[in-house]
Amino acid sequence: MNKTVQTRQKSYSRRAFLTFLGTLAFFYPVLQFAGFKIPKKPTYVNINKPVTTSGFLVTTDFILFDRDNKHWALSRKCTHLGCKLNYHEDRDILECPCHQSRFNVETGEVMKGPAKKSLTFLPVEKREDDPLYVVTT
Ligand code: FES
């Protein structure tokens, strides 16, 4: 193979690569706008202490409930603008300190806006030994 042909082949592969990058750069915002998301790798959080007799355990990212033979976890991230929700045991609600959205603790549904979307349920595995719960975030 002579030198001119080799240079031309390198040029084609470089051109093809740059075309690929250009296409990706063009379509990525379109895919994002259409709702395409790259799936997040799951993280498993081990809970080694039992929930309180009141049936809940507050962590940094979620609140774990275990009552009436049911267990579930809700994200503490407000669906309005992302503030950390607080659990009010006396009223059995989750409330946002930023704009006072309220959420039902059993369904995660919005009880009072401005939030419009329900809270994210996180899968919980209850176990007999340590860790007592494994929450997938
Ligand atoms: S961030 Fe929670 S209500 Fe606005």
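The structure is a predicted model, in which local features require a pLDDT of at least 70 and side-chain atom pairs count only at pLDDT 80 or more, while totals for chains, interfaces and linings use all residues. Residues are numbered from 1 along each chain as its sequence is written. The pLDDT, the predictor's confidence in each residue on a scale from 0 to 100, averages 84 over the chain, and 91% of the residues score at least 70. Among the elements of the chain, the lowest mean pLDDT, 77, belongs to helix α1 (residues 3-33), and the highest, 94, to β7. Helices (H or I, at least four residues) and strands (E, at least two) are DSSP runs, numbered from the N terminus.

The domain assignment divides the chain into domain 1 (1-37) and domain 2 (44-136); such bounds come from an automatic or database domain assignment. The centres of domain 1 and domain 2, taken over C-alpha atoms, are separated by 45 Å.

Four strands form an open sheet in the order β2-β3-β4-β9, with antiparallel pairing. Two strands are taken to pair if DSSP finds at least two bridges between them. Between β2 and β3 (residues 62-67), which run antiparallel, there are three bridges. Leu57 is placed opposite Leu64 in β3.

The largest nonpolar core contains 18 residues, and those with the most contacts inside it are Phe62, Ile63, Leu64, Ala73, Leu74 and Val135. At least two residues of this core are supplied by each of β3, β4 and β11 (133-136), and β3 gives the most, with four residues. A nonpolar core is defined as a set of buried Ala, Val, Leu, Ile, Met, Phe, Trp, Tyr and Cys residues joined through C-beta atoms within 7 Å. A residue is buried if 20 or more other C-beta atoms lie within 10 Å of its own, exposed if 12 or fewer, and partly exposed in between, with C-beta atoms placed from the backbone.

Residues up to four places away in sequence being left out, Ala73 touches Phe62, Ile63, Leu64, Leu122, Val124 and Val135. Contact here requires C-beta atoms, placed from the backbone, to lie within 7 Å. Trp72, in strand β4, is partly exposed, with 19 other C-beta atoms within 10 Å. Trp72 and Phe121 are 49 residues apart in sequence, and their C-alpha atoms are 7.3 Å apart in space.

Most residues other than glycine have a negative phi, and most peptide bonds are trans. Asn69, which is not a glycine, has a positive phi of about 60 degrees. Asn69 lies in the loop between β3 and β4 (70-75) and counts as exposed, because it has 6 C-beta neighbours inside 10 Å. Gln100, also not a glycine, has a positive phi of about 60 degrees. Gln100 is located in the loop between β6 (93-95) and β7 (102-104), and its 12 C-beta neighbours inside 10 Å place it in the exposed class. The peptide bond from Gly113 to Pro114 is cis, with omega near 20 degrees. Pro114 is part of the loop between β8 (110-112) and β9.

How values were computed
Contact = placed C-beta atoms within 7 Å.
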